[in-house]
Each structure stands twice: as C-alpha cells, then as structure tokens.
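Colleague: Take me through this model, please. I want to know what stands behind each label.

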Amino acid sequence: MATGIASGSGQLHLREPVYRRNSYGKAHCHSNVILNGMQNQIHWSSWISKLLQVHRSNYSQCQVKSNWKSHRGTIKSCQREGSTRYFDFAVIGSGIAGLRYALEVAKHGTVAVITKAEPHESNTNYAQGGVSAVLCPTDSVESHMQDTIVAGAYLCDEETVRVVCTEGPERIRELIAMGASFDHGEDGNLHLAREGGHSHRRIVHAADMTGREIERALLEAVVKDPNIYVFQHHFAIDLLTTQDGFDIVCHGVDTINTETHEVIRFISKVTLLASGGAGHIYPSTTNPLVATGDGMAMAHRAQAVISNMEFVQFHPTALADEGLPIRPSNTRENAFLITEAVRGDGGILYNLDMERFMPSYDERAELAPRDVVARSIDDQLKKRGEEYVLLDISHKPKEKVLSHFPNIAAECLRYGLDITQQTIPVVPAAHYMCGGVRAGLEGETNVRGLYVAGEVACTGLHGANRLASNSLAEALVFARRAVKPSIDHMNVSKINHGASSWWARPVAPVLLGDTILNKVIRQTREVRKELQSIMWEYVGIVRSTSRLTLAEKRINELELKWETYLFQHGWEPTMVGLEACEMRNLFCCAKLVVSSALSRHESRGLHYTIDFPHVEESKRLPTVIFPSQLNSSWSSRQLHRKQIC
C-alpha cells in the first residue's frame, strides 16, 4: 500500500493532482495526507466527486430474467449457469445500508443480497442507541451539523455533514412508513433521547434495541420483494475487476458458501459494498463475529482508495464481564454494548472507589464525545491498575430504567446484576471504524461500478470521531443517494454470460485432507489471537510512534510466518476458506490502520499519540491510502485480476 499521493504509476489513475499548502503559501505534494478542505478551500465532497467520477462501460448486455420463482423465507431461487449467478445489482452485506439500497434498486432490476451469516447478523442488529435526526422544533440542522463537526475534531467534510443532517429526517420517515416502530412519548410524538456530544434530544430509538427493530422492518420488506434474492452464508472473497486503460471496473464478486464450501461467482452490472466494519482486528469489540473488515480489504485489493483508517472508535462502555456477580461461563464472541443513551439519560461514571472522575477530564463530564470518555476511562484504569470502571443509572426511577433499557437490564440480570439498584462494570471496546473506502456524495468510488455505504465507507461525515447515533443516519442517507447513479450505471452497462470465464476460479482446500486442513485452521486461529493482541497493545486508545512502528514490524513478521505455514502445508494462493480468508482480511485492515496512524503527526479525535499530543491546525487533513502494485503478501493482492487488452 502507499499512503499519500500517487505519482501516476500503478493501476489507480488520478485525473487531477491534489496539493496542500505549506506555511509559506506554496503548493506542494504531501507524502502522507492530502486534502486540506479548510485551508485551500477544496471540499472533500466536491474533490472526491471529481476524483471518483463514474464512467460508462462498454460491455455487452447481461441477460437476466425477471420471472424467477420465490421460495418462502429469505432464500429465493435465481437463474444460474453452474456456479455463476447473474444480477443487475449485487449487494454485499445485509445491514441497514445494504437492505435499504436493495429495496430501492429492486424497482429497476434484479438484486442479489450476499450476506456472510444469517441475514440479521450485522452491526445494525447490535446498534442499541438509535438514529440521530432533527425532528424537534427547538432543534436545527445547523445545531446537528455543529455537534457533528465538533465531535469529529473539525476533520468532517461540511458538505457531507449538511447532506446527512438535512436528509436524515426524511429517511427516518421512510423507515416508519415501511413499518419500523420507534418509541413515542406521552404526547404521541416520537420520543427523542440525548446522547454524548449532542446538544439536543434528537435520537430516535426503539428502547435499547433500535438496530434490531430497523433490521426487522427492512428484512420483512426484502422477503416480500420478488426482485431481491438473499444468499445467506455466502462469504465474499474478492471483487471481480478488470483494468480498462487507467480505469478499474468492478463486475461482481466471488463468494464461498460456508455451509457447502462451494465457490459461487456473482456477475453484476453494479456492486454495492455495505459489509460493515473491522472490529475484530481487536480482541474485544462490540461488533458481531462477521465484522472482520472483508469489504475494506476487498476494496483495497481491487485498487479502491482508502481513507482515515487511523480513526478507530472505542466505545467507552462495554460490559466488563470481570465485574459481574456471576461470571459468564464462556468467553463472549463479542463484547456486550452498554449504550451511550445510559449516560445520556443521566448515567454517572465512577472508579472502583466510587469517585466520579469525568468532570476532572472534561466540562461535559459523562456527555463528552466518545473519544474523550474512552481515553478518560483508559487513563483511570492505567493509573489505578484496575480492570473496569462503574456506570451508575440506579439513581433514576426503576420504571424509567427498565422501559428505556430493557435489553441491557435483562442481560445484566442473567449474571446477577440489577442495574436499577447496582452499578454496571464497563470497559472500552473496539466499536466503529470512522475510516474506510473513500466515497463521494453519491457513494461512488474510484472503481467504476463499485459503490459503498455504511461503516465500510469513508464519506467525510465522521471526521476524526463519530458522533453518537450518526452511523445509522449516514447509512440510510448514502444508501439512498447511491441509488440514482447505480441505476444510471446499470442502464448503460453491458455484460455477457462469457464474463464469468474472464477470471480463474478460487478453489476450496478440500484436496488438502481433513488432517492438514484442521492444522491450518488451528494455526490460523492462534495467529488471529496474536494479531488482535498486537493491535490492542500497540494500536489501541493511546499510541506512540515507537509502538506503532513495532506493531508494523510484528504484524509483517506474523503475516509472513502465517503465510509460510499455509503454503508449506500445501495451501495454494487460489485456495479459499472462511478462517483463512478472514485472517487475510484482518491482516490487510490492521496494516491499513497502522499505516494511517503512522502518517498522522498530531493527536486528533480518536487518534491520540503521546509523541504529538496536541491538535495541529496545519495537519487538519484526511489520510489517504492509494493501492500499490508492490504488495507481495497474500492479504494485499487479489486472487485474480483480468486486464482488457
């Protein structure tokens, strides 16, 4: 990978140079971070739209029938040629962004929704707090924008922020019209909660299970749509791309059915990446097991531009199992989230001596943005040598606590903790990637035919730190904004059935035999734990240049050791399996995070380094990673690439 400006070499074509200004006012190329939207008046969104302009392709028409029969449930039949499926649109991911987009583009063509596990198993389903939107007469778009920009440490793109804050309310109304049920107050209006970093009550929610309710409503609509076909337990391996001159073109995706181990190829005119984040590069995360950075890694290998990966949001309050009266018998697959709304409703943080500590770190106390609260808790734990802090909501009326946080109350009660009378043990955990695949205002990328929405995308909304509950709003807005350009691209794109033979096919490693395969899987799981340990130890909430450099070295060594082990045991570069391909993606994303973190010589938002502890106005720039043809590791290159002569 190459962090910074591409010089014209490699596969990625930049149509116009980008410069930043130095302190003397002279323009020059910057080697690490490139866009200063404040100083040279080039806005992220306007520049990125030019850079990522979608061109029209010239391939022959893909023949897709629209009269396929539907089965009951979420799986529907589709036209196939052997192990190849043909669709107008391929959607990778079944969270809020992917499903909302699928429902719109299905009005214009056939849609394959490709999901790694069960359709509901997404980050959306685990979102407790809610969706931010200006729906109160005393609130305003300008206020929501200001809160977003302040939380984002002034690295947000103002145009993107305005778009999301302006269009968000209408997207909420569309969800309600589709059947999503949100909490209402005694006056009959939507009950609006307040969370850290927000100056007004503007969080639309369904108790503390908002994501689950949104996912339910969207999935019900998807099941009823005859043009949408859901493929569950299909793990996306690599995007199918060709190179046409300077342009990279996306034609779909290769997947492996994790139940049958069959490699399934999806050829599509348009592909939307909505695959979520990469929380599992860390040992403790609120993300479900599917969040292994697959979309970000695939996009990077496909020559897409990546941005702001150093900004990993650690949620300050995940349930600390060590502090529960009854310890869980099994290690959790993911940390249980204690929503931001608990602090928004008056929850207070204490150390184990019951000393309230947040006011000594920030005047906003418990309502400070997440990065501030997470660093404050981290500081308390390190100073005091303790494993967790305490979050107390027991001073609020019992009925209110139980009605607002029924899911949290029930989960804690399973382990002997009554949150209406006792404090909740909490600790920070990896939660959200503010960086990702760089996108324009319509979700477009620099790869033709490839769009992104949701956590996998970096739109410029979050800047250096995501404001609470802005993620679901962003996903809804950009999923909707990507529809028109996707339809336009679909209408002029032509692909024939012979396209499936353009790329060699990945193969499942069945020829290795069970003994070798089990050894490879066991080794891969150990390597995964070691990578997660490195990331937490050296690339966590507080960083330093020396520790980041050491992380980079250790990750490269670990990756080489792992790949050597695989190939010595008969693994071929074209072989694919769930554990190995996830590991491949985790390595890729970990390296993207470390590379971006090393390039930022200041502390801003979620990126805090003791070597550069202050915010530097001259460095108020997004980091940008351009793909490099020099990547030799298995995690950083596509299994196959087809070049058009």
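Modeller: Buried residues make up 62% of the 645 residues in the chain. This is a predicted model: local features need pLDDT of at least 70, side-chain atom pairs count only at pLDDT 80 or more, and totals for chains, interfaces and linings use all residues. Residues are numbered from 1 along each chain as its sequence is written, and side-chain values use heavy atoms, with hydrogens and water left out.

Colleague: Why is Asp 294 called buried?

Modeller: Buried means under 20% relative accessible area, exposed over 50%, partly exposed in between (1.4 Å probe, protein chains only). Asp 294 has 8% relative accessibility, so the residue counts as buried. Asp 294 lies in helix α7 (residues 294-301). Helices (H or I, at least four residues) and strands (E, at least two) are DSSP runs, numbered from the N terminus.

Colleague: What is Asp 294 in contact with, leaving aside its neighbours within four places in sequence?

Modeller: Lys 116, Phe 235 and Asn 585. Contact means heavy atoms within 4.5 Å.

Colleague: What makes Thr 160 buried?

Modeller: Its relative accessible area is 0%, so Thr 160 is buried. Thr 160 sits in helix α5 (residues 158-177). From Thr 160 to His 462 is 302 residues in sequence, but 9.4 Å in space, C-alpha to C-alpha.

Colleague: What share of contacts between residues at least 6 apart in sequence join residues at least 24 apart?

Modeller: The share is 76% in this chain. The chain's secondary structure comes to 16 helices and 23 strands.

Colleague: What makes a set of residues a nonpolar core?

Modeller: The set must be buried Ala, Val, Leu, Ile, Met, Phe, Trp, Tyr and Cys residues joined through side-chain atoms within 4.5 Å. The largest such core here has 76 residues. Tyr 282, Leu 531, Met 535, Val 539 and Val 593 have the most contacts inside it. Helix α16 (residues 578-599) gives this core its largest share, 12 residues. A second, separate core has 53 residues, including Ile 149 and Ala 473. In soluble globular proteins, nonpolar side chains tend to be buried together.

Colleague: How do you know that β8 and β9 pair?

Modeller: Two strands pair if DSSP finds at least two bridges between them. β8 and strand β9 (residues 203-204) have two bridges, in the antiparallel sense. Ala 193 has Ile 203 in β9 as its bridge partner. The open sheet runs in the order β7-β9-β8. Its edge strands are β7 (131-132) and β8 (192-193), and each pairs on one side only.

Colleague: What makes a space a pocket?

Modeller: On a 1 Å grid over the protein atoms alone, a pocket is an open set of points where a 1.4 Å probe fits, with protein on both sides within 12 Å along at least five of seven lines; lining residues have an atom within 4 Å of a point. The largest pocket has a volume of about 1300 Å³. Volume is the space filled by probe spheres set on the points, which are joined across faces, edges and corners.

Colleague: Which residues lie nearest the centre of the largest pocket?

Modeller: Pro 283, Thr 331, Arg 332, Glu 333 and Asn 334, out of 38 lining residues. The largest share of the lining, six residues, comes from α14. β15 (312-319) and β18 (424-433) are among the elements that each supply at least two. These two strands pair in the antiparallel sense over six bridges. In β15, eight of eight residues are buried.
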